[in-house]
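Please examine the structure shown here together with its sequence.

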Amino acid sequence: NYGAEAEVSLKTPFFFSARVDRQETNGLQPFNWTTALREIPAPIDYTTDTLNLQTGYRSNGLIVTLDGTISNFSNANNTFYIGQIGAGLAGYAYLPPDNKYYKVGGSVMYKLPIWSTTLMARGSHSILQSTPLLFETPAAGITWNGLVTYDSASGSITTTPLKNLDARIHYNYLSTHNQSD
């Protein structure tokens with residue numbers, strides 16, 4: 001796993017940061033082939049490239065951010081041959097398919113001058129896409145279209161109205177929409 005990160009603020013409350021990284025995984029992993037009750041070695045050759053961008057405003061009482069992520073997962077071995085599974089039928093095992101992930105989000109944190117109160121809110125929208133080729137179907141070569149979207153939002157208020165009393169009110173929301181085949 002390797003990458004780089006940089007942030008630019010130029011001694012102002014405004015900032016911009018960027019981060020890129022690559023994760024590579026190679027080798028063999030155990031794969032359980034349940035129809036024959038045996039374990040075989042599966043070749044893995046995964047690469048994940050990720051780009052994170054963030055911009056915003058920071059001061060003593062207010063932080064506002066807007067961020068985005070793009071990630072691409074590639075698998076050089078989406079399937080591998082595991083042997084004959086029946087009367088002349090070839091068997092294939094499926095490993096994780098290539099996929100793409102996109103996310104955009106934003107957050108606000110505001111400190112009120114009363115009772116050490118802080119208001120926080122965050123929202124995001126993300127998309128996960130995958131289109132693996134299906135080999136073991138009656139019409140070989142069919143592509144399956146995977147598309148899942150996520151919307152999330154959260155908010156909280158924390159306060160200290162008395163010296164030894166902390167209080168927090170929060171709300172979390174998550175919505176998932178599966179638009180896959």
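The account below moves from strand pairing to salt bridges, and then to the nonpolar core and a surface patch.

The model is a predicted one, in which local features need pLDDT of at least 70 and side-chain atom pairs count only at pLDDT 80 or more, while totals for chains, interfaces and linings use all residues. Residues are numbered from 1 along each chain as its sequence is written, and side-chain values use heavy atoms, with hydrogens and water left out.

Strand 3 and strand 4 (residues 62-75) run antiparallel and are joined by 13 bridges.

Side chains of opposite charge can pair when their charged atoms come close. A salt bridge is counted where a side-chain nitrogen of Lys or Arg lies within 4 Å of a carboxyl oxygen of Asp or Glu. By this rule there are five salt bridges. One of them joins the side chains of Glu7 and Arg58, with an N to O distance of 2.5 Å. This pair links distant parts of the chain, since Glu7 belongs to strand 1 (residues 2-8) and Arg58 to strand 3 (residues 38-58), 51 residues apart. Relative accessible area is classed as buried under 20%, exposed over 50% and partly exposed in between (1.4 Å probe, protein chains only). Glu7, at 46% relative accessibility, is partly exposed, and Arg58, at 36%, is partly exposed as well.

Which residues are linked in a network of salt bridges? They are Arg22, Glu24 and Asp49. Arg22 meets Glu24 at 3.3 Å, N to O, and meets Asp49 at 2.6 Å, N to O. The pair of Asp49 in strand 3 and Arg22 in strand 2 (residues 14-33) links distant parts of the chain, 27 residues apart. Asp49 counts as partly exposed at 28% relative accessibility, and Glu24 is partly exposed at 39%.

The interior can be considered next. A nonpolar core is a set of buried Ala, Val, Leu, Ile, Met, Phe, Trp, Tyr and Cys residues joined through side-chain atoms within 4.5 Å. The largest such core has seven residues: Phe31, Ile40, Ala42, Phe80, Ile82, Ala93 and Leu95. Strand 3 and strand 5 (79-84) each contribute at least two residues to this core. Beyond its neighbours within four places in sequence, Leu95 is in contact (heavy atoms within 4.5 Å) with several residues, including Phe31, Ala42, Pro43 and Phe80.

Exposed at 62% relative accessibility, Ile169 is located in strand 12 (residues 165-178).

Note on methods: Helices (H or I, at least four residues) and strands (E, at least two) are DSSP runs, numbered from the N terminus. Two strands pair if DSSP finds at least two bridges between them.
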